[in-house]
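Dear colleague,

Here is the structure we spoke about, with its sequence. My notes on helix packing and salt bridges follow below it.

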Amino acid sequence: MKAAHLAALREAAAARRPIAFATNLATGAAFILPDEAAPTALAAEAASMLAADRSGTVTIGDDAWFIESRNPSPRLLVIGAVHIAQALVPFALASGFAVTVVDPRRAFATEDRFPGVAIATDWPDEALDRLGLDSRTAVVTLTHDPKLDDPALRRALAADPFYVGALGSRKTHAARLDRLRAAGVDDAALARIRAPVGLDIGAVTAPEIALSIIAEIVAARRGRLAAP
């Protein structure tokens with residue numbers, strides 16, 4: 001691998017930018033995709049593989065190419081270090097997500113409650129600005145506190161996370177929508193919020209609610225989730 005390619009791969013990983021590395025198995029020619037100089041058919045194959053989180057060999061014309069997808073790890077940002085979050089985090093970790101729990105209430109956001117998990121104790125909007133939001137990120141708000149949930153939702157809806165969920169009943173969510181509209185969020189953005197959060201499995205306990213949430217997040221990631 002050329003030094004320039006290696007540097008580009010490292011830069012993309014640091015920026016959480018999805019890229020593919022394609023190598024011609026006969027000639028050794030290589031491209032980092034997307035790349036305007038790459039053959040159109042190769043770029044299309046690379047885009048398809050990135051979308052599917054897949055690597056492998058493809059034949060384009062007379063040439064065999066190995067395409068390695070380099071997607072950033074899927075990530076879950078949990079707003080609120082509450083008891084449902086304590087049940088949700090292990091499910092998310094087991095499902096391959098990098099998890100950060102965000103809560104400025106230091107009595108809740110502790111290592112004892114979330115062992116081995118990244119914790120951010122700044123305000124949720126500031127934390128999301130710092131952490132960044134991209135198409136490989138899911139955001140779920142769990143606090144029931146508008147001072148914490150609403151700023152996080154405004155940040156999430158202004159970006160491109162693949163999933164935005166909010167805990168609360170239909171009545172709670174209706175009031176939330178009114179507040180967000182008053183804050184300038186349009187209806188198209190509001191329609192992206194999954195609320196009440198989680199798949200309808202009749203969940204009652206915190207672990208059951210957490211299970212319904214991670215199931216909905218996985219369904220969204222895999223393209224199996226209908227519109228809210």
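**Helix α3 and its surroundings**

The buried residues of α3 pack against β5 (75-79), β6 (98-102), β8 (137-141) and α8. Please bear in mind that this is a predicted model. Helix α3 covers residues 83-94, and its buried residues are Ile 84, Ala 85, Ala 87, Leu 88, Val 89 and Ala 92. After α3 comes Gly 96, which has a positive phi, near 95°.

If neighbours within four places in sequence are left aside, the contacts of Thr 100 are Leu 76, Leu 77, Val 78, Ala 118, Ala 120 and Leu 131.

**Helices α5 and α6**

Two packed helices are described by the angle between their axes and the distance between the axes. For α5 and α6 the angle is about 60° and the axes are 11 Å apart. The two helices are therefore oblique to each other, and their crossing is right-handed. On the α5 side the residues that meet α6 are Pro 146, Asp 150, Leu 153 and Arg 154, and on the α6 side they are Arg 176, Arg 179 and Leu 180. Sorted by class, this contact has three nonpolar and four charged residues, and no polar ones.

Two of the residues in that contact, Arg 179 and Asp 150, also form a salt bridge, with N to O at 2.6 Å. This pair links distant parts of the chain, since Arg 179 belongs to helix α6 (residues 170-182) and Asp 150 to helix α5, 29 residues apart. Which of the two partners is buried and which is partly exposed? Asp 150 is buried, at 6% relative accessibility, whereas Arg 179 is partly exposed, at 32%.

**Other salt bridges**

How many salt bridges does the model contain? The count comes to 14.

Asp 129 is partly exposed, at 48% relative accessibility. Arg 155 is partly exposed too, with a relative accessible area of 31%.

A further salt bridge joins Arg 194 and Glu 216, where the closest N and O atoms are 3.4 Å apart. Because Arg 194 lies in strand β10 (residues 193-194) and Glu 216 in helix α8 (residues 206-221), the pair ties together parts that are 22 residues apart in sequence. Here Arg 194 is buried, with a relative accessible area of 14%, and Glu 216 is buried as well, at 3%. Helix α8, which holds Glu 216, is also one of the elements against which the buried residues of α3 pack.

Finally, Arg 16, Arg 75 and Asp 134 are linked in a network of salt bridges.

Best regards

Terms used. Residues are numbered from 1 along each chain as its sequence is written. This is a predicted model: local features need pLDDT of at least 70, side-chain atom pairs count only at pLDDT 80 or more; totals for chains, interfaces and linings use all residues. Side-chain values use heavy atoms; hydrogens and water are left out. A salt bridge is a side-chain nitrogen of Lys or Arg within 4 Å of a carboxyl oxygen of Asp or Glu. Buried means under 20% relative accessible area, exposed over 50%, partly exposed in between (1.4 Å probe, protein chains only). Helices (H or I, at least four residues) and strands (E, at least two) are DSSP runs, numbered from the N terminus. Axes are lines fitted to C-alpha atoms, for helices over the stretch in contact, and angles run from 0 to 180 degrees between N-to-C directions. Angles under 35 degrees count as roughly parallel, over 145 as roughly antiparallel, 65 to 115 as roughly perpendicular and the rest as oblique. A crossing is left-handed if the near helix is turned anticlockwise from the far one by less than a right angle, and right-handed if clockwise. Contact means heavy atoms within 4.5 Å. Ala, Val, Leu, Ile, Met, Phe, Trp, Tyr, Cys and Pro count as nonpolar, Asp, Glu, Lys and Arg as charged, and the others, Gly among them, as polar.
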